[in-house]
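Please view the sequence and the structure below before reading on.

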Amino acid sequence: MAFEENQIEGVKRYIVLDEIAFKKIMSLVNVRKFDVLTNEGKIKKKIVFLDTPNNLLTTNGIIISKVIENSKAYFIVERQKFLPKMFRTGTEKFCKIEINSKDKLMDHKLQVVDAITALYDTSISIDFENILKNALPKIETYTNANCVRLVNGSGLRAFLFFEEITYENLETGRKNFRLGLTVKMDCSKLYLNAFNEYIWNLERLVKELTPISENEFDYASRVTKKIDQSTEKLKDKRKKQKKGTKEQEESFD
């Protein structure tokens, strides 16, 4: 079991609206002469978010996931952050527990409980071991990514991940797919200004990018949640009304 830190600054995530954005990003070296991009290969990642049937873990601000990335596997235990990302700085601690790809949560229950307890500043009296017995897969994400290393004349080093991501909610049965881009600084914080300058130019020159401030769990939950049938019916009704109005207007032409 090891505690690591998530970067908050020096990381930027996007929804990619059109795959042409990937070609535009690679061609930026023709505009930004001091940038060098090198292909680092492909990454395959599967994330399984776990919780109890009544969501006791996430309700208490705890996110547990099983990650299988290429040949490595591990459990991640982290605290849910309810403040918007813009109000958070520095790093956030999480726990990584290395496992075999076929291991189940209860195979590492003591380490997971220790990790949860360590992430809280004060002592807590919740029987997490009993809660973990009822945890089951809730949401799965599958990512295929091309990894590209960026080095530029300012000394900035970063990774760009060109992603294809599928989300599946095992409770609602809903699926969602998106193209994505993650830009992650891979050097000292002294180069944060250079990173922000690169991001500013990236967003200025590639219009097919929409920034995401949500973490992967929150985003996956939102895009695969159960559809409110009353809302869907209202949308269909408005579409029909709009179509009827358009037909009436055309009949007067």
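K109 is partly exposed, its relative accessible area being 26%, where buried means under 20% relative accessible area, exposed over 50% and partly exposed in between, computed with a 1.4 Å probe on protein chains only. K109 forms a salt bridge with E129, with 3.4 Å between the closest N and O atoms; the term requires a side-chain nitrogen of Lys or Arg within 4 Å of a carboxyl oxygen of Asp or Glu. The pair links distant parts of the chain, since K109 lies in helix 3 (residues 109-119) and E129 in helix 4 (residues 128-133), 20 residues apart. E129 also counts as partly exposed, at 29% relative accessibility.

## Basis of the values

The model is predicted, so local features need pLDDT of at least 70 and side-chain atom pairs count only at pLDDT 80 or more, while totals for chains, interfaces and linings use all residues. Residues are numbered from 1 along each chain as its sequence is written, and side-chain values use heavy atoms, with hydrogens and water left out. Helices (H or I, at least four residues) and strands (E, at least two) are DSSP runs numbered from the N terminus.

## Other salt bridges

Ten salt bridges are found in a search of the whole structure. One of them joins the side chains of E208 and K24, at 2.7 Å from N to O. E208 sits in the loop between helix 5 (192-205) and strand 10 (209-212), whereas K24 belongs to helix 1 (residues 20-27), 184 residues apart. E208 counts as buried at 15% relative accessibility, while K24 is partly exposed at 30%.

The side chains of R178 and E216 also meet in a salt bridge, at 3.9 Å from N to O. Because R178 lies in strand 9 (residues 175-185) and E216 in helix 6 (residues 216-223), the pair ties together parts that are 38 residues apart in sequence. R178 is buried at 5% relative accessibility, and E216 counts as buried at 18%. R13, R178 and E216 are linked in a network of salt bridges.
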